[in-house]
Amino acid sequence: MTSRVLTCLLLSALAALPAWGARPVPAPAAEGMAMLQRMDTARVQGSPSTLRTELDAQEAKTPRDPMPRVYRAFLALPSEESFSEFKALAVMYPENPWPHVGMGLVYVRWKMLKDAAAPLEAARKAVPGFAPALWADGLRLQAEGKPAEAEGRLREALAKLDIPRFRTDLALLLAGRPGGAAESRALLVRSVKDWPEQPEALQVLSRLAREAGDARAGAEAGALLVALQPHDREAHRRQAEAWLAAGDKAQAVKMLERYATLGGADPAVLASWVKLNVELDRPEDEAKALVRLAAATPRDPEPLLRLATLAEAKPDLAGMEARLEQAAALAPERADIQVRRARMLLKQERYFEAVAAYRAALAAPEHPVPEAAEEAAQLNKKLRLPATPAKGTVEQIYDRVSLALVALYLEHLMEKPDLKGNLKVRVDLDPATGKATNVVVLYDSLQDVLITHHARIAFMDAEYPPGSESPVYQYVFRPPR
């Protein structure tokens, strides 16, 4: 009696224990494909190492479950390491279809298509109608150049399991077949809605939409693609073209600005960026684009001239002057640039520099400005400049210029009877040639712009004897008693 009781108790205890010898259950098709989708997403986002760490932790937690090892092999696919792992797992767990599917996909990626058939057949035998095995076999048939058979297999997989991956691969196959564009586009729309991290799917969807005359849809698909490639400047350039085709200039401008920020320097693309900002009436953004274009076309003064115009409109006279000087340095033979400089200087009553700019314009052979000669003559008349420069000794030059200055001063006294003050200048000379290189105002209490600039120009034009020391000339202007 006692032995029977003990036996019953032992059997009851054993029945209550977990079945340590039971074979682990393979992951269902939907669950496994969801993990493969996570892997593809991680690759696109550049974070597969994070997923690998997660799988390592799962394996440590459930060492008897082969699925973390299977998934890690899929993450390394297609490599020798992944193939070896799939093969070992297929031997250990022949009833698990996933290692067989993995081996088949490795063979497909390696273009060893004849070898891929056997493991995929083994997967379908292990779990009849296993959708991932049907899908992988469809990829094999497609690689073998059998599109009709591949389509049938992919449709079979999709009928059993409606997931984005299967929709995408069927759509990509249909996209290359006559008459398949419409269904391909419909499948891709559904697929990327559920799983947007698919660069190839988005690229094909964008193309199909454009080919169907739906530029807006094409651009929207392209926008999702660019979001996956934030550092690809060519992707931004292409997307700018897509937005332009859709009539959205504002979005196109954003793409072109990002293109330039990423280092894009194609002059034609940058010129398009400038043009769009003009059309959208965005002068600040236009200026940014022009700076980029000027850097990309260092021999072209046009971006600098436009920057000068924008600076003038602000008004930013210092910025305008800087741009015009840069443009003049790039194109010294262009008269129109010098005339713009001269007119700007004239407005600021910087007559000494304005005269030099007009002279440079009249001597430049390209882009002549017909009005420049008359404008220069009027300025000479206003300043009472002599027809011929003073020349002779330092003293003789002083006397010659003095006559003109006194005459000008007496003329100004008629309007300003109390006009008086001192003017002191230094003429910097080249010792070898005696040519003046600059005239510096050392002191000016007279504050008569025309007299001061007449003196500077007259002494600058004068012809000094070679070897002369730089003279200092001083004038005391007082009304006659």
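Which residues in α4 meet Trp 98, Pro 99, Val 101, Gly 102 and Leu 105 in α6? They are Met 67, Val 70 and Phe 74, where contact means heavy atoms within 4.5 Å. Before going further, please note that this is a predicted model, in which local features need pLDDT of at least 70 and side-chain atom pairs count only at pLDDT 80 or more, while totals for chains, interfaces and linings use all residues. Residues are numbered from 1 along each chain as its sequence is written, and side-chain values use heavy atoms, with hydrogens and water left out.

Let us stay with this helix pair. Two packed helices are described by the angle between their axes and the distance between the axes. Helix α4 covers residues 67-75 and helix α6 residues 97-109; their axes come within 10 Å and cross at roughly 10 degrees. That makes α4 roughly parallel to α6. Here axes are lines fitted to C-alpha atoms, for helices over the stretch in contact, and angles run from 0 to 180 degrees between N-to-C directions. Angles under 35 degrees count as roughly parallel, over 145 as roughly antiparallel, 65 to 115 as roughly perpendicular and the rest as oblique. Helices (H or I, at least four residues) and strands (E, at least two) are DSSP runs, numbered from the N terminus. By class, the contact of α4 with α6 has 7 nonpolar, 1 polar and no charged residues. In this count Ala, Val, Leu, Ile, Met, Phe, Trp, Tyr, Cys and Pro are nonpolar, Asp, Glu, Lys and Arg are charged, and the others, Gly among them, are polar.

A salt bridge is a side-chain nitrogen of Lys or Arg within 4 Å of a carboxyl oxygen of Asp or Glu, and a search of the whole structure finds 40 of them.

Now for some loops. Pro 78 lies in the loop between α4 and α5 (80-92), and a cis peptide bond joins Leu 77 to Pro 78, with omega about -5 degrees. In the loop between α6 and α7 (113-126) you will find Lys 111, which has a positive phi of about 65 degrees although it is not a glycine. Further along, the peptide bond from Lys 314 to Pro 315 is cis, with omega near 0 degrees; Pro 315 is in the loop between α18 (302-313) and α19 (317-330).

Another helix pair is α15 (residues 249-261) with α16 (residues 267-279), packed at an angle of about 140 degrees with axes 10 Å apart. That makes α15 oblique to α16. Their contact has 9 nonpolar, 2 polar and 3 charged residues.

Finally, look at the sheet. It is open, with 3 strands in the order β2-β1-β3 and antiparallel pairing; two strands pair if DSSP finds at least two bridges between them. β2 (436-444) and β3 (472-477) stand at the edges, each with a single partner strand, so one side of each is left without a neighbour in the sheet. Strand β1 (residues 421-429) pairs with β2 over 7 bridges. Among the bridge partners in β2 are Ala 436 for Leu 429 and Val 439 for Val 427. The hairpin of β1 and β2 has 6 residues between the strands, and there Gly 434 takes a positive phi near 80 degrees.
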